Amino acid sequence: MPIRWSSTYVMIDQAEKKKYVDTFVYELGPQQPTSEKCDQVVLMKLTADEWKHVGLFASLLAHADNAQQNFSSDAGPTLHLALLALEALHKAWDSRAIQSKYSVFSTGLKKGVEKISEYYE
């Protein structure tokens with residue numbers, strides 16, 4: 001399945017900044033046919049911990065977005081920037097993979113670092 005890091009980053013970043021998920025849940029809840037269904041929908045509201053994870057995930061995806069933006073341009077060639085961008089992304093994710101703050105993402109970060117290493121080679 002192809003991954004669109006920039007699109008995912010923008011979507012999650014905006015959702016985290018604007019709390020769109022909470023707004024969606026609050027608007028969807030009253031539209032439910034029964035109060036039981038309404039209660040189930042309201043339970044989908046993200047907790048403070050879940051919002052914290054969304055913010056951390058957005059910060060991790062920002063590194064991938066920056067790397068992509070560094071070697072994407074309509075104005076001219078940018079391939080010469082690819083190695084620098086991959087190195088920066090590798091360093092950012094590799095250093096965060098061992099930080100306890102990012103422990104819930106460590107497996108994904110390690111896999112991402114492995115994939116970046118493949119591209120680098």
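Q: How far apart are the mean positions of the positive and negative charges of the chain?
A: In this predicted model, the mean positions of the 13 positive and 15 negative charges are 3 Å apart. Lys and Arg count as positive here, and Asp and Glu as negative.

Q: Why is the chain called more spread out than a compact globule?
A: The chain holds six helices and zero strands. Its radius of gyration is 18 Å, whereas the globule rule gives 14 Å for 121 residues; the value is well over the rule, so the chain is more spread out than a compact globule. The C-alpha atoms fill a box of roughly 60 × 35 × 25 Å along the principal axes.

Q: Why is Pro 33 called exposed?
A: A residue counts as exposed when its relative accessible area is over 50%. Pro 33 has 72% relative accessibility and therefore counts as exposed. Pro 33 is located in the loop between α2 (20-28) and α3 (35-42).

Q: How far apart are Pro 33 and Asn 66 in sequence and in space?
A: Pro 33 and Asn 66 are separated by 33 residues in sequence and by 44 Å in space, C-alpha to C-alpha.

Q: What share of the 121 residues in the chain is buried?
A: Buried means under 20% relative accessible area, and buried residues make up 30% of the 121 residues. The accessible surface of the chain comes to about 8500 Å², with 58% belonging to carbon and sulfur atoms.

Q: Of the contacts between residues at least 6 apart in sequence, what percentage join residues at least 24 apart?
A: With contact taken as heavy atoms within 4.5 Å, 58% of these contacts in the chain join residues at least 24 apart.

Notes: Residues are numbered from 1 along each chain as its sequence is written. This is a predicted model: local features need pLDDT of at least 70, side-chain atom pairs count only at pLDDT 80 or more; totals for chains, interfaces and linings use all residues. Side-chain values use heavy atoms; hydrogens and water are left out. Helices (H or I, at least four residues) and strands (E, at least two) are DSSP runs, numbered from the N terminus. The radius of gyration is taken over C-alpha atoms; the globule rule is 2.2 Å times the number of residues to the power 0.38. Buried means under 20% relative accessible area, exposed over 50%, partly exposed in between (1.4 Å probe, protein chains only). Accessible areas come from the Shrake-Rupley method with a 1.4 Å probe; for residues, only the protein chains shown count as cover. The place of a charge is taken as NZ of Lys, CZ of Arg, CG of Asp or CD of Glu.
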